Amino acid sequence: MPTRESDPDPDPDSNSSANTDTNADAAPSIDLDHLGVHTSVSAVFPPAELATELADLSTSATVNVIGDDQISDCDAVVTLDHREAFLDLDWVHSIQAGVDRFPFDEFRANDVVLTNSTGIHGRSIGETVAGYLLSFARRLHTYVAAQQDRRWEQPEWDEAVTLSGKTACVLGTGTLGSGVADVLGALDMRVTGVRRSADPVPGFEEVYATDDRRDAIADAEFVIVTLPLTDDTHHLVDADAFDAMREDAYLVNVGRGPVVDEDALIDALESNSIAGAALDVFETEPLPENSPLWGMDEVIVTPHCGAFTVDYFRDVAELVFENVERLADDEPFVNRVV
């Protein structure tokens, strides 16, 4: 099984909400007989693949793919989306790191344990971000667009650049941010980070506190958002942030859509205040057909798939199985959010 990455900064910057529950270090009390794989995971991978993988790992519980009408038959569920019926369960595991769709207070009130999949997406997100940056630097996105029109069109002599020596400022130094730093560092880029404190983090040449983020992004050709959505991060990247960015800088968002003020981003793009953007997440998903982002030459739009990989279900299975084993050994869960 793949080795799960550790998160050097799990509380403030991983793509999940901060864990403040006092019982997070306590072993949960759950009689796990039936584990359901909810059909909502089909948006990412076939649910049967995860169910089979968990069964092959020899879990003590019966594992089945379930729909909404079978939730009540389960003790625990692995899911992408939230359902009100989950409040009657003992344990819910999110296949994503972000858990902003789940009602924490209601989970606590009903003694439902919530775990997430932070720690498994660092490499895939890092490679996705590297793909965006290479596209902009080597002008690959323009060639793909020209190909659709059968146009043989070479760039101007000074358009294409190399990434070596360029600066990428990553907002969020948790699992996703560290995965980005690892991959971009291998491309000989200078990688800086922004987190709640300016304490150093491995893989980042320099780290700034959130309050100093304007100084951090002012020096970067690429500003990369890997933050979760919380009250503190909502619209953290706003008009002031775009004013602080260089005119030749690109924004990349692989965290959560509402961390970026989308109206302010569109204004910055239309006024050429920044050079472009690569966006995997949006304030409204799917991205509405009338969004001007679709038609902008220097904008890459991807459908919230930056972490997708053929091994996604195996990585989730490893996390779930680890917690099943911990449950049997009366040990605290990993990645417990509630």
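Predicted model: local features only at pLDDT ≥ 70, side-chain atom pairs only at ≥ 80, totals over all residues.
## Salt bridges along the chain

Arg-151 has a relative accessible area of 37%, so it counts as partly exposed. Its side chain meets that of Asp-149 in a salt bridge, with 3.5 Å from N to O. A search of the whole structure finds 17 salt bridges, and the pair of Arg-151 and Asp-149 is a handy place to begin.

Another pair to look up is Arg-123 and Glu-127, where the closest N and O atoms are 2.9 Å apart in a salt bridge. How far apart in helix H4 are Arg-123 and Glu-127? They are four residues apart, which means that about one helical turn separates them. Arg-123 is partly exposed, at 47% relative accessibility. Glu-127 is partly exposed too, with a relative accessible area of 45%.

Further along, Asp-311 pairs with Arg-314 in a salt bridge whose closest N and O atoms are 2.7 Å apart. Asp-311 has 34% relative accessibility and counts as partly exposed, and Arg-314 is also partly exposed, with a value of 33%. Salt bridges can also share partners: in this way Arg-190, Glu-205, Glu-206 and Asp-219 are joined into one network.

## Patches on the surface

Which residues make up the patch of negative charge on the surface? Asp-263, Asp-267, Glu-270 and Glu-283 gather there. Helix H9 runs over residues 262–270. Glu-283, for its part, sits in the loop between strand S11 (276–279) and strand S12 (299–301). With a relative accessible area of 32%, Glu-283 is partly exposed.

There is a nonpolar patch on the surface as well, formed by Leu-134, Leu-140, Tyr-143 and Leu-187. Together these residues have about 290 Å² of accessible area. One of them, Leu-134, belongs to helix H4, which spans residues 122–138. Leu-134 is partly exposed, with 33% relative accessibility. Residues need over 30% relative accessible area to be counted in a patch, and Leu-134 has 33%.

Leaving out residues up to four places away in sequence, Ala-268 touches Phe-242, Ser-273 and Ile-274. For a sense of distance, Ala-268 and Asp-248 are 20 residues apart in sequence, and their C-alpha atoms are 12 Å apart in space.

His-82 is in a loop, the one between strand S3 (76–79) and strand S4 (91–94). Why does His-82 count as buried? Its relative accessible area is 17%, and buried means under 20%.

## A loop aspartate

Asp-100 lies in the loop between S4 and helix H3 (104–109). At 37% relative accessibility, Asp-100 is partly exposed. Which residues does Asp-100 touch, once those up to four places away in sequence are set aside? They are Leu-229 and Arg-256. Asp-100 and Ser-29 are 71 residues apart in sequence and 25 Å apart in space, C-alpha to C-alpha.

## Backbone details worth a look

Which peptide bond is cis in the loop that holds Pro-286? The bond from Glu-285 to Pro-286 is cis, with omega near -5°. Pro-286 is in the loop between S11 and S12, where Glu-283 of the negative patch is also found.

His-304 has a positive phi of about 50° although it is not a glycine. You will find His-304 in the loop between S12 and helix H10 (312–328). Asp-330 is not a glycine either, and it has a positive phi of about 60°. Asp-330 is placed in the segment after H10. With 58% relative accessibility, Asp-330 counts as exposed, the cut-off for that word being over 50%.

Terms used
Residues numbered from 1 in each chain as written. Heavy atoms only, no water. Patch = residues over 30% accessible without salt bridge, like charges linked within 9 Å, V, L, I, M, F, W, Y side chains within 5 Å. Areas by Shrake-Rupley, 256 points an atom, 1.4 Å probe, with all protein chains shown as cover. Salt bridge = Lys/Arg side-chain N within 4 Å of Asp/Glu carboxyl O. Lys, Arg positive; Asp, Glu negative; His and termini not counted. Charge placed at Lys NZ, Arg CZ, Asp CG, Glu CD. Helix = DSSP H or I, 4+ residues; strand = E, 2+ residues; numbered from the N terminus. Buried < 20%, exposed > 50% of the residue type's maximum accessible area, 1.4 Å probe, protein only. Contact = heavy atoms within 4.5 Å.
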